[in-house]
Amino acid sequence: MAVEDKIKWDKKYSENIDLLEAREPSKAVVNNYKECSGNRALDLASGAGRNSLFLEDNGFEVDAVDISKFALDILQGRSKYNKINPILADLDEFDLGEERYDFIVKCNFLDRELIERAKKALKIGGVMVVETYVEDEENEKKNSNPNFLLKKDELLEIFKNGFEILEYKTFWNESFEKYRMKKASIVVKRLA
Ligand SMILES: C[S@@+](CC[C@H](N)C(=O)[O-])C[C@H]1O[C@@H](n2cnc3c(N)ncnc32)[C@H](O)[C@@H]1O
């Protein structure tokens with residue numbers, strides 16, 4: 001396990017308990033979860049599970065993977081139907097499988113290699129939402145690691161082959177976040 005990530009995130013959550021407050025799910029998830037036909041979902045780097053909990057409420061069985069036990073314990077406590085499987089794992093190593101999921105969500109966490117593995121883990125006809133921060137000179141947080149920021153229109157490039165693009169948006173982030181940051185979200189359907 002990436003011990004540094006685990007220590008960093010458990011510390012961050014324990015010192016900033018507001019990050020674990022119940023929050024609204026991604027609009028891209030809310031507006032597009034009905035685009036797939038099955039009910040098996042994967043929430044990558046779920047945190048306290050704003051998207052997992054929404055998907056569970058809407059009939060999905062969800063594998064919620066995160067490196068922070070702190071966050072997964074909160075998620076489990078909020079689960080109403082026992083349909084969320086919290087998985088404490090390092091996504092650098094976790095095996096996502098192949099053609100396993102009908103819906104995959106990856107929000108506010110950028111790992112380009114993981115996106116490639118997630119593409120394979122999606123069933124043909126399955127839907128994936130990727131939403132995270134983008135480089136922008138008006139971003140309030142100036143010290144973000146550039147590796148964790150998307151380039152302009154990078155998501156369109158990542159999904160240009162083998163996927164139908166159902167939706168692509170850039171927007172300023174939700175008001176509950178600490179810093180005002182530009183984000184992009186893409187919703188795609190796997191074709192082959
Ligand atoms: C900004 S939070 C995003 C939470 C959630 N996806 C959301 O949109 O609200 C990033 C999450 O990534 C998790 N994380 C960081 N590195 C990880 C790794 N290597 N493997 C699994 N999870 C990781 C952290 O524990 C944290 O919960």
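Mentor: A residue is called buried if 20 or more other C-beta atoms lie within 10 Å of its own, exposed if 12 or fewer do, and partly exposed in between, with C-beta atoms placed from the backbone. This is a predicted model, in which local features need pLDDT of at least 70, side-chain atom pairs count only at pLDDT 80 or more, and totals for chains, interfaces and linings use all residues. Numbering starts from 1 along each chain as its sequence is written.

The part to look at is helix 3, residues 50-57. Helices (H or I, at least four residues) and strands (E, at least two) are DSSP runs, numbered from the N terminus. Seven of the eight residues of helix 3 are buried, so the helix is mostly covered. The buried ones are Arg-50, Asn-51, Ser-52, Leu-53, Phe-54, Leu-55 and Glu-56. Their cover includes helix 2 (27-32), strand 1, strand 2 (61-66), helix 4 (69-78), strand 3 and strand 4. Just after helix 3, Gly-59 takes a positive phi of about 95 degrees.

Ala-45 has a positive phi of about 55 degrees, although it is not a glycine. It counts as buried because it has 22 C-beta neighbours inside 10 Å. Ala-45 is also among the closest of the 17 residues around the ligand, together with Trp-9, Gly-47, Ile-67 and Cys-107; a residue is near a molecule if its C-beta atom, placed from the backbone, lies within 6 Å of it.

Glu-99 counts as exposed because it has 12 C-beta neighbours inside 10 Å.

Leaving aside neighbours within four places in sequence, Phe-103 is in contact (C-beta atoms, placed from the backbone, within 7 Å) with Tyr-33, Cys-36, Ala-41, Leu-55, Phe-60, Gly-126 and Val-127. Phe-103 also belongs to the largest nonpolar core, which has 48 residues; with Leu-44, Ile-104 and Met-128, it touches the most other members. Strand 5 (residues 122-133) gives the most to this core, with six residues. A nonpolar core here is a set of buried Ala, Val, Leu, Ile, Met, Phe, Trp, Tyr and Cys residues joined through C-beta atoms within 7 Å.

Val-127 is also touched by Lys-189, whose other contacts beyond four places in sequence are Glu-35, Gly-125, Phe-163, Glu-164 and Leu-166. Lys-189 is in strand 7 (residues 182-190) and counts as partly exposed because it has 18 C-beta neighbours inside 10 Å. Its C-alpha atom is separated by 5.4 Å from that of Phe-163, 26 residues apart along the chain.

Last, the whole chain. It has six helices and seven strands, in the order α-α-β-α-β-α-β-β-α-β-α-β-β from the N terminus. Of its 192 residues, 37% count as buried. Among contacts with a separation of 6 or more, 61% join residues 24 or more positions apart. Taken along the principal axes, the C-alpha atoms fill a box of roughly 45 × 40 × 30 Å.

Terms used. Contact = placed C-beta atoms within 7 Å.
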